[in-house]
Amino acid sequence: MDPSLSAIVSERRRLINLAYRMLGSVAEAEDVVQETYTRWYAMSRREQDAIESPGGWLTTVASRICLDLLGSARARRERYVGEWIPEPVPDGTEWSSPVDPADRVTLDESINMAFLVVLEAMTPAERVAFILHDVFRYPFGEVAEIVGRTPAACRQLASSARRRLRDADVPATPAPSTAGIVRNFKEAWQAGDIQALISLLDPGVVATGDGGGVANAAPHPVEGGAEVARYFADLAARGVGYTLLERTVNGRPGLVAEHDGAIVMVMAFDIADDRIKHIWAVLNPEKLGGWRQGDAEAGDPESE
C-alpha cells in the first residue's frame, strides 16, 4: 500500500473515537468518518499533496461535520419517541489505536455513560471544544480553527463544559465495589426482592429507558428508590424472561439482557458511595447492533 494512503487509512479509528464522543452514536460516527474520507478522495492528488498535515485535515473536517450534526441534533431528539440515551458500546469495541498511557484514563473516562449523558446537555460548541482539547489534547489554537471561534472563546467553552461535569458529579473512576453492586442488583431483580433493590439504590435514583418507539420502555424516567425498585420487581413478576449477563458497558460494569437468544437490552449504571444513582436501559434495537455480534463471541464470564 502507498505509504501516504496507509497513513490516511490509519486515521480512521481515531476519527471514529472522536466522532462517537461528540455524537453519542456509533452509526452517526461511522457516517461522519465515511463523509470525511469521501471529501478527501474527492480532491485531486495535487490538492492532497498540498495539505501539510492530512491527519489534521481529516480531524478538522470530521469535527466540523460533527458540529453541524450537533446543531440539528436537538430537533432530532425532540422528534425521538421517548427518552434518548447515547448508544452503549461493549468492552473491546473501543476503536482507538495504542495511546500514551498518560492519556488512557482520560479516554476511558470520556466513554462512560454518565459522562456521555452530561455531554448531551452541552451546547455543540462546548462539546466539540471540550472533547478536542480536554480529551484528545488538541491545543486551543487548533480547536479555534475547527469551531470558528477565537482561542480565548474556546478556553471559555471548555471551562463551561468542565463546570457542567463537576456539577453533575460524574465519578472519574469506578470504585472497586461497583461490579459487586451491579451483581447484587441483578440478583435482587431476578428474585423480585424489593427491599434488596431499595438497599442498593440511592433515594434519588433515576431509571431511564430508551426504546425509540420500537421496543417497550418506560415513556418517562422513573424516579426514587422505592419507585425504581417496584418497577424492576414488577418486571420480574410479569415473567419477562430476561437472561441477565454481567458485561462491561462503556468501560464500566453493566448488564445485558437476552430474550430467546437475542440481546434486547443493555444497561449502564452510575454508582457513587456504594449506591446506584442512575440506571440507563437501552432497548432500541437500532442501538444494539454491536452487541448482537460482539456478545455472541464473548460468552458468559460466570460460566468460564
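**Figure 1. The whole chain at a glance.** Buried residues account for 46% of the 304 residues in the protein chain. Please keep in mind that this is a predicted model. Its secondary structure amounts to 14 helices and six strands. If you count contacts between residues at least 6 apart in sequence, 66% of them link residues at least 24 apart. The chain exposes about 14,700 Å², and 50% of that area comes from carbon and sulfur atoms.

**Figure 2. Helix H5, from residue 54 to residue 79, and its bend.** With 26 residues, H5 spans 37 Å between its first and last C-alpha, close to the expected 38 Å. Look for Ala 73, where H5 bends by about 40 degrees. Ala 73 is also among the buried residues of H5. Others on that list include Gly 55, Leu 58, Thr 59, Ala 62, Cys 66, Leu 70 and Arg 77.

**Figure 3. Met 22 and the largest nonpolar core.** This core holds 62 residues, and those touching the most other members are Met 22, Phe 130, Ile 131 and Leu 132. What is Met 22 in contact with, leaving aside its neighbours within four places in sequence? Ser 63, Cys 66 and Leu 70 are among its partners, and these three residues are buried in H5.

**Figure 4. The six-stranded open sheet.** Here is the strand order to trace on your screen: S2-S1-S6-S5-S4-S3, with mixed pairing. Strand S2 (222–223) and S3 are the edge strands, each pairing on one side only. Strand S1 (residues 201–210) runs parallel to S6, and six bridges join the two. Within this pair, Leu 201 is opposite Ile 276 of S6.

**Figure 5. Two hairpins that share strand S4.** Strand S3 (residues 243–249) pairs antiparallel with strand S4 (residues 252–259) over seven bridges. S4 also pairs antiparallel with strand S5 (residues 262–272), this time over five bridges. Ala 257 is a handy landmark: it is the bridge partner of Leu 244, and Met 265 in S5 is the bridge partner of Ala 257. In the S3–S4 hairpin, two residues lie between the strands, and Asn 250 in the turn has a positive phi of about 50 degrees. The S4–S5 hairpin likewise has two residues between its strands, with Asp 260 in the turn.

**Figure 6. Two aspartates with positive phi, Asp 260 and Asp 274.** Asp 260 is not a glycine, although its phi is positive at about 55 degrees. Asp 260 sits in the loop between S4 and S5. Is Asp 260 buried or exposed? Its relative accessible area is 72%, so Asp 260 is exposed, the cut-off being over 50%. Asp 274 has a positive phi too, near 60 degrees, and is likewise a residue other than glycine. You will find Asp 274 in the loop between S5 and strand S6 (275–282). Asp 274 has a relative accessible area of 40% and is therefore partly exposed.

**Figure 7. Ser 199 in helix H12.** Ser 199 belongs to H12, which covers residues 194–200. With a relative accessible area of 39%, Ser 199 is partly exposed. How far apart in space are Ser 199 and Ile 276? Their C-alpha atoms are 9.5 Å apart, although 77 residues separate them in sequence. Ile 276 is the S6 residue that stands opposite Leu 201.

**Figure 8. Tyr 231 in helix H13.** Tyr 231 is part of H13 (residues 225–237). Tyr 231 has a relative accessibility of 29%, so it counts as partly exposed. Beyond its neighbours within four places in sequence, Tyr 231 is in contact with Ala 218 and Val 222. Ala 218 is 13 residues from Tyr 231 along the chain, and their C-alpha atoms are separated by 9.5 Å. Val 222 falls within edge strand S2 (222–223).

Terms used:
Residues are numbered from 1 along each chain as its sequence is written. This is a predicted model: local features need pLDDT of at least 70, side-chain atom pairs count only at pLDDT 80 or more; totals for chains, interfaces and linings use all residues. Side-chain values use heavy atoms; hydrogens and water are left out. Helices (H or I, at least four residues) and strands (E, at least two) are DSSP runs, numbered from the N terminus. The expected span of a helix is 1.5 Å times one less than its number of residues. The bend at a residue is the angle between axes fitted to the seven residues ending there and the seven starting there. Buried means under 20% relative accessible area, exposed over 50%, partly exposed in between (1.4 Å probe, protein chains only). A nonpolar core is a set of buried Ala, Val, Leu, Ile, Met, Phe, Trp, Tyr and Cys residues joined through side-chain atoms within 4.5 Å. Contact means heavy atoms within 4.5 Å. Accessible areas come from the Shrake-Rupley method with a 1.4 Å probe; for residues, only the protein chains shown count as cover. Two strands pair if DSSP finds at least two bridges between them.
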